[in-house]
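Subject: Structure for you to look at

Hi,

Here is the structure I promised to pass on. Have a look at it first, and then read my notes below.

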Amino acid sequence: MSDLMMPLFYFLLTILVYLAAVHLQRRIEHPLLNPVLITLLVLVCLLLGLGIPYVDYQAGGHWLSDLLAPSVVALGVPLYKQIKQIKRELPGVLLVVALATIFALTSTVVLAILVGAEAEIAISLAPKSVTTPIAVMIVEQMQGEPSLGALAVIVTGLLGAIAGIPLLNLMGIREPKSRGIAMGTACHALGTARIVQEGGEQGAYSALALVLSATISAILAPILVPLILQWII
């Protein structure tokens, strides 16, 4: 194949695998059959089984990465539709998301150190609940390992997309706003993409929490994380 055909093949392969995973989830409706997780596992198996270097796959896979920015912007649509209601409740939502973000940063660093992780690893894991570009920026600023930070973000998002809604149901949290805020704060865009399937109100509050959480983390993490490490080590 030509230099253009191989990237196009990997691009189309990824889309086809994802569509098949979506179809499978709709047929069986099991939380573990998350389309992103299934697509990731299938592609990893294919690359390893066929001996395809990741660099070769990424020649076409990066086209999908380039589409992430407009797809995240699209999450603003449900936010816009609920804008009047959100304006009235913004101070309360901001307070809740700020407290949740501080708890997420603190608990992640403390738990990592308690299980024996080095400070660099704890730093890299700290912003796991925000989107990848923001997390990588925060990790780099704190001199952590960006690749580990990106991996932590992906794992957190996948776990949230799979277990977030069943956990909210188990805890008896039924109110749409609360469910949206929880998913957006805890598991960023992947959680938002999952909860928006429940309804526009959940999606709007999740998108808002996603933006607020990322902003607060970018401001507080470089201050808070070193203080926690200084206190606990």
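Let's start with burial: of the 233 residues of the protein, 41% count as buried. Keep in mind while you browse that this is a predicted model.

The overall picture is simple to describe. The protein has 11 helices and zero strands, so if you read along the sequence you get the pattern α-α-α-α-α-α-α-α-α-α-α. The C-alpha trace spans about 55 × 40 × 30 Å along its principal axes.

A few more whole-protein numbers. Take the contacts with a separation of 6 or more: 66% of them are between residues 24 or more positions apart. The accessible surface is about 12,900 Å², and carbon and sulfur atoms account for 72% of that. As for charge, there are 11 positive and 12 negative side chains, and the centres of the two sets lie 18 Å apart.

Now for the inside. Which residues touch the most other members of the largest nonpolar core? That core has 14 residues, and the ones to look up are Val109, Ala122, Met142, Ala221, Val225 and Leu229. Helix 6 (83-114), helix 7 (119-125) and helix 11 (200-232) each supply at least two residues of this core, with the largest share, five residues, coming from helix 6. A second, separate core has 12 residues, among them Val93, Ile181, Ala204 and Leu212.

Leaving aside its neighbours within four places in sequence, Val225 is in contact with Val109, Ile123, Ala126, Met142 and Leu220.

Is Thr192 buried or exposed? Its relative accessibility is 0%, so Thr192 counts as buried; the cut-off for buried is under 20%. Not counting residues up to four places away in sequence, Thr192 touches Leu75, Gly184, Gly203, Ser206, Ala207 and Leu210. Ala207 is 15 residues away from Thr192 along the chain, and their C-alpha atoms are separated by 6.3 Å.

For another pair, go to Ala100 in helix 6. Ala100 and Gln58 are 42 residues apart in sequence and 35 Å apart in space, C-alpha to C-alpha. At 31% relative accessibility, Ala100 counts as partly exposed, because that class lies between 20% and 50%.

Finally, there are two backbone angles to check. Gln143 has a phi near 65°, which is a positive value in a residue other than glycine. You'll find Gln143 in the loop between helix 8 (132-141) and helix 9 (146-170), and with 69% relative accessibility it counts as exposed.

His188 is not a glycine either, yet it has a positive phi of about 40°. Where does His188 lie? His188 is in helix 10 (residues 176-195), and at 4% relative accessibility His188 counts as buried.

Cheers

How values were computed:
Residues are numbered from 1 along each chain as its sequence is written. This is a predicted model: local features need pLDDT of at least 70, side-chain atom pairs count only at pLDDT 80 or more; totals for chains, interfaces and linings use all residues. Side-chain values use heavy atoms; hydrogens and water are left out. Helices (H or I, at least four residues) and strands (E, at least two) are DSSP runs, numbered from the N terminus. Buried means under 20% relative accessible area, exposed over 50%, partly exposed in between (1.4 Å probe, protein chains only). Contact means heavy atoms within 4.5 Å. Accessible areas come from the Shrake-Rupley method with a 1.4 Å probe; for residues, only the protein chains shown count as cover. Lys and Arg count as positive and Asp and Glu as negative; His and the chain ends are not counted. The place of a charge is taken as NZ of Lys, CZ of Arg, CG of Asp or CD of Glu. A nonpolar core is a set of buried Ala, Val, Leu, Ile, Met, Phe, Trp, Tyr and Cys residues joined through side-chain atoms within 4.5 Å.
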